[in-house]
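Dear colleague,

Please find below the structure for your files. My notes on its helices, surface and side-chain pairs follow directly after it.

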Amino acid sequence: MPSFVRQVAAALVERVPAYSQLPAEELAGDIHRVTEHALRAFAAVLDSGA
């Protein structure tokens with residue numbers, strides 16, 4: 001996951017330069033949490049058979 005987070009952070013900073021002003025650790029943590037939540041939600045859908 002760390003390399004994915006770095007890739008997403010780099011893409012965000014490239015597309016929205018203002019993101020480079022945010023603390024890198026906080027931005028990486030936010031990306032990690034959002035990604036983890038999305039993956040858990042996706043897994044739950046697969047698990048439920050919906």
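This is a predicted model: local features need pLDDT of at least 70, side-chain atom pairs count only at pLDDT 80 or more; totals for chains, interfaces and linings use all residues.

F4 is placed in helix α1, which spans residues 2-15; helices here are DSSP runs of H or I with at least four residues, numbered from the N terminus. With a relative accessibility of 38%, F4 counts as partly exposed, where buried means under 20% relative accessible area, exposed over 50%, and partly exposed in between (1.4 Å probe, protein chains only).

Residues are numbered from 1 along each chain as its sequence is written, and side-chain values use heavy atoms, with hydrogens and water left out.

M1 belongs to the segment before α1 and is partly exposed, its relative accessible area being 37%. Leaving aside neighbours within four places in sequence, M1 is in contact (heavy atoms within 4.5 Å) with H32, T35 and E36. The C-alpha atoms of M1 and T35 are 9.0 Å apart, although 34 residues separate the two along the chain.

T35 itself is found in helix α2 and counts as buried, at 15% relative accessibility. Not counting residues up to four places away in sequence, T35 touches M1 and F4. A polar atom of the T35 side chain also lies 2.8 Å from the backbone oxygen of I31.

Helix α2 has 25 residues and reaches 36 Å from its first C-alpha to its last, close to the 36 Å expected at 1.5 Å a residue; the expected span is 1.5 Å times one less than the number of residues. Its buried residues are L27, G29, I31 and T35, and what covers them includes α1. A24, also in α2, is exposed at 58% relative accessibility. After α2 comes G49, whose phi is positive, near 80°.

Which charged side chains are paired in salt bridges? The structure holds two salt bridges, each defined as a side-chain nitrogen of Lys or Arg within 4 Å of a carboxyl oxygen of Asp or Glu.

- R33 and D30 meet at 2.6 Å, N to O. They are three residues apart in helix α2 (residues 24-48), and therefore separated by about one helical turn. D30 is partly exposed, at 42% relative accessible area.
- R40 and E36 meet at 3.4 Å, N to O. Being four residues apart in helix α2, they too are separated by about one helical turn. R40 is exposed, at 58%, whereas E36 is partly exposed, at 32%.

An α-helix has 3.6 residues a turn, so residues three or four places apart point the same way. Side chains of opposite charge can pair when their charged atoms come close.

Yours sincerely

Methods: Helices (H or I, at least four residues) and strands (E, at least two) are DSSP runs, numbered from the N terminus. A polar contact is a pair of N or O atoms within 3.5 Å; within protein, one must be able to donate a hydrogen and the other to accept it, and residues adjacent in sequence count only if both atoms are side-chain atoms.
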